[in-house]
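This report covers strand pairing and chain contacts. The sequence and structure come first.

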Amino acid sequence: MEERRASKRCGGVLPFIIGFLATCVLGWAVLPGLFYEEIEQPFKFSHAIHVESEGMDCESCHYFRDDGSYAGFPTNEGCAECHAVDPEEAMEAIAEAGIDPSDYNAIIAAELEVIEDNLLSGEDENKAAEREYVVKYLIQSTEVPWLNYQYQPDNVYFSHKAHEGLDIAELAEMKNELSSVVDSAVFDEPGEQNCNLCHMKDIDKNDTPPAFERNIISGYSKMTMKMWKCERCHALKGQPNACYTCHK
Amino acid sequence: MQMKEFKVKWGMVIDVDKCTGCGACMVGCQVENNIAPMTKKDPYNYVQALTWDRDDASNKLKTLTWLYVYELSNGKSFPEHETAYLPRPCMQCGNPACVPVCPVVATEKNEEGGIVSQVTPRCIGCRYCMAACPYHARYFNWWDPIWPEGMDKGLSPSTAVRPRGVVEKCSFCHSRYLDAKDQARQDGNDPMDLPDGAYNTACADICPTKAITFGDLNNPEHKVHELAKGKNAYRLIEKLGLDPQVYYTSEREWVRKLGDNYNADGGAHGAPSNSHG
Amino acid sequence: MSVARRAFIQMSVGATVGILFTPTVWTLLDDVSIWTQNWPWIPTLKYGEVKGVPTVSKMCESGCAVKVRTVAGEAFGTEGNMDNPLSGGGICPLCANGVQVKNSPNRIAAPMLNGEEITWEKAEEVLVDKLAAAGSNVAVISGDQTGTVNELLSAVLTGKQSDKFYTMPCDMQVSDRAWTGLMGGSGQIGYDMENADVVLLAGADAFESWGPTVANMKAFANNEGGKFIFAGPMQTKTASVTSKWVPVPAEGMAAFTLGICYYVLQAGKSVPASDFDQFKAMVMAGYTPAKVEAATGVKADQMAEVAKQLLSASNPVVVPAGSVAANAAGIALNLLLGGGMKVLPEFAAAVDGAMTRSEMLKGDILQGVDAEMVIIYEANPTYALPEQVKAGFTVAIDSVNTETTAAADLVLPSLHSYERYDDLASPYGVASAIYTMGAPVSKPASGAKDARDLFLAPAGLDSESFAEVIEAKVEAIGADMDELVEGAAYVLEETPDMSGVTLAASALGKAAVPVKGTGAVGLAPYTVLSVGTANQATTPNAPATISNNQLVGDNMVVMMASVTAKKLGVSVGSKVKLSGGNGECEALVQVFEGVLPGVVAAPLGMGHTVGDEFSKGKGDNVYKILTVSSEAAAGASTWAGSTVNVAKI
């Protein structure tokens, strides 16, 4: 009897451990990935081409307006400064060719001069991406529905201006305290600008934009900074953590 | 109770003698803060026949009027009768009654400027704060906001849209404060020392008689600093000790008396009434 | 068996503990809590550059100079235009809701012929055919008081040898009848309230519904030391801020004003008018304070007190409203006092064949319109004048569905103020000739086109769009287009010839006698902008701001003093039927001591039968119970002196 009991007790730990380990592995390695779906950006926008090949600055598209607000994503108006396809002319050409202006594939296939002659890219792959932008957005006068990796909900007011002066080198002193907020790799090579603190690291060198990882329950981005992270940094920097510092 | 003091203290001085009760401020407030028009039918309610209509806008217990203009009467008969109009935003009390009763810290007075915050995603809708506020400045979303078709494309970027089931209130158009600070930073000025007028609420902006003056009560360079100390300046139910940051001013004695009408004559009859209009 | 079961339980416990050692549960809880904060049916906001674009808004009667706030190019709000003297930063509650009205589902999407949607080409065809068929028997009813569109529409009439141009009944028309009709003046009367030291608002609800409301309010706010006195049958919103309210029945306003003239004449004031002696004799004999008191109930000492204040002022101004006689009496009093009344020149016309403003105001719509074809521009006569308009074929131009568009044969959707070029030339009552224009801020709603363009050819113009007419107007008056587009106003400093002006002594002597209807109590119809105007129904955000003294549920509320209620045997909350004119209204009673005894105050602008839920079926239509009476001596019709019978139901 005693023997049997002992063996049972011993055997009782094993299933527990199996169950424990199984869900631990599942919970750390598998499940988190299932919470996110990958959504591609509207078209393949290459930072690398614009920055490295064309020598554009970050501020060419991402700048502060005169009122101190931040123009995060470029608008058609900005893009059209270089991508000089005239929407009116293009639409006229499309009408002349008898194509439905909402049939993008037909427009692309028609290889209209007014579009083709104004494409700036060299390689075919890049040209295709540029053509896609021009046809789907620029000539339609529709703004690109960029997906914001750092998406924040409407109740958050984030001021880029207030964070403009944050210096990565200075923050490096708090590297350990901030380890759960900021990827420590950021502190290894602090650049002139502090964008890497919160934004995708070295996005300016990126050629194919990574997919936007959307949480299937909350709808937020995987990179959405949660409130506790904001609060941690604010506390460390001696900044207020009152509700209305960031909420609206 | 401990009073929180801030270097900057946003406040209003409302000249009751200039307010005609036209209501432009109330409309401007609703537009700025994305308060949906009151609609009876819910297009997403597919069992409408089985449910009640949503509330009518003339039921003032169910409307959302962060700023409401009350009609005051001196209580006398013709021809001695007089009227006045009193716009009532949130008083942003120095010592708010609503804050300590909130079980989830969805409202607090904790920021430079002394604006009492209300964070609706955190609010659980218990409405203790509404019961606590003696100014009836807080409102409950009895219904989801519904803009008639097409009207929701023109929403203000200033304020998040709230669902039903949460309490909301006037925020002194707080995101305009954040905007003004950004503007100051952009111009190389001190965001904690904004000039008079750099930050103004929607109601004060739109008021045709400029009855509402807004500014930093602590800053001698702001008009409200002096106005709040004027000889005819008063605050509503001051004796409760909530230390409101909204001041009123009127040369009419009966108006000033009504402002502190709480148990004015020890509960006896004959006190002037203010019609809830 | 038992081992497997136990093992399973143990494994489950292990699994449960295990999952708690991973972030899964906690992140899941976090995600779910976020999910509860962002329901899919709660709209999200749009971000981008925020701008304030100056333009004009035509929702209120005088029009407002506004800035439309846009985010990423999409209009979302309306604010005042600090740089424009019509606004000074303020706007009225109607225009404050402009964007919401622009985006309203109540907008008309396409031209309609007898209730059927048609194309614009077809609409133009029908319009041209009908215009040709109607010959000279064409009339225009315009709800716009200040726009160059009136030049266009009147030129259409001139081309067809018709003079049937009508405006909706308005203060500007009454003033014009008094000034150019009875007194032989020219130009437009204005009142400088900003620089006056004593302002008598003789019936003019100047801070709510009379004249350029917002400019008046701005003048009041800027006038630090000035004393404002309001005279009228009820304590309007205006009266809540004036230093004094003198209760005067509407029909007695002219007599009251002449009663003040009595004291002013007694003080030795005079004017170099040809009929001054006659005027003086008329007043001194027929409008002695005792006689006026007997006729109007206003105490002689009250008139003496007001007269004293006006006489002691260095720059007094009297702002009359109501009947033609009241306006003439007020203008006469101003001429005697020599204060802040102004006469404004008219801006040069841009369209050949256009009528002058005064010519446009001559038609008396209250006496009825009968024409083969009636073109109604942004007016709602079917609602406000239900019996006055008869037409073989009606063309209604409006941006939203109204009673008038519902009843019209041909409906042409117009653009909203924020979608089109429009202008404001000297809204009635402003102290100087002022011109403001606005360019489109928003793209037109789908299907909408500028209906005014269809009248360019009929008016004999070869312009392609109405924008060119506005350009021509700006050029004609000598203003700078760029400055106007940026929101500045153009002011014309010039005074029309005043010689030959009379005091209309003979007409006024008769016309100022109070004439009251036969009903039991007087009716004081009043306008509150949150409810709307004759042409503009209640706006979407307004209902929450409308007081329970005007509307409770779907019931209109009428107000009366407690003595009146007692006399009528009604009390607060009583449901009553008001009958007058040719109609009836239902209402709830509210006691308000700021109404003259023997008078019931009822809000205009409710009881719409067409439109959106913010106005349709809300309250009752007081226009139905107004009585049109003829001001015989002044040659005009008026609603003043309307009376009603009140029955409890």
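In chain C, seven strands form an open sheet of mixed pairing, in the order 5-4-16-15-14-6-7. The edge strands, each pairing on one side only, are strand 5 (116-117) and strand 7 (164-167) of chain C. Strands (E, at least two residues) and helices (H or I, at least four) are DSSP runs, numbered from the N terminus, and two strands pair if DSSP finds at least two bridges between them. Within this sheet, strand 14 (residues 369-377) and strand 15 (residues 389-398) of chain C run parallel and are joined by eight bridges. C:Val369 stands opposite C:Val389 of strand 15 of chain C.

The model is predicted: local features need pLDDT of at least 70, side-chain atom pairs count only at pLDDT 80 or more, and totals for chains, interfaces and linings use all residues. Residues are numbered from 1 along each chain as its sequence is written, chains are lettered from A and ligands numbered from 1 in the order in which they are written, and side-chain values use heavy atoms, with hydrogens and water left out.

An open sheet of four strands in chain C has parallel pairing and the order 11-10-9-12. Its edge strands are strand 11 and strand 12 (316-320) of chain C. On average, neighbouring strands of this sheet are turned by 15° against each other, direction ignored. Strand 9 (residues 198-202) of chain C pairs with strand 12 of chain C in the parallel sense over five bridges, and C:Leu201 stands opposite C:Val319 of strand 12 of chain C. Helix 8 (residues 253-266) of chain C packs on the sheet and touches strand 9, strand 10 (227-232) and strand 11 of chain C. The direction of helix 8 makes about 150° with that of strand 9 of chain C. Axes are lines fitted to C-alpha atoms, for helices over the stretch in contact, and angles run from 0 to 180 degrees between N-to-C directions.

Contact means heavy atoms within 4.5 Å. Buried area is the accessible area (1.4 Å probe) that two parts lose on being put together, summed over both.

| Interface | Buried area | Share on carbon and sulfur atoms |
|---|---|---|
| Chain C and chain B | about 5200 Å² | 60% |
| Chain A and chain B | about 1800 Å² | 58% |

The contact between chains C and B takes 67 residues from chain C and 66 residues from chain B. Three salt bridges (a side-chain nitrogen of Lys or Arg within 4 Å of a carboxyl oxygen of Asp or Glu) are found across this interface. One salt bridge joins the side chains of C:Lys618 and B:Asp56 (2.4 Å, N to O). Strand 3 of chain C gives the most to the side of chain C that touches chain B, with six residues.

For chains A and B, the contact takes 19 residues from chain A and 24 residues from chain B. In chain A, A:Tyr157, A:Tyr244 and A:Lys248 lose the most area to chain B, together 40% of what that side buries. The interface has zero salt bridges and ten residue pairs in polar contact.

Terms used:
A polar contact is a pair of N or O atoms within 3.5 Å; within protein, one must be able to donate a hydrogen and the other to accept it, and residues adjacent in sequence count only if both atoms are side-chain atoms.
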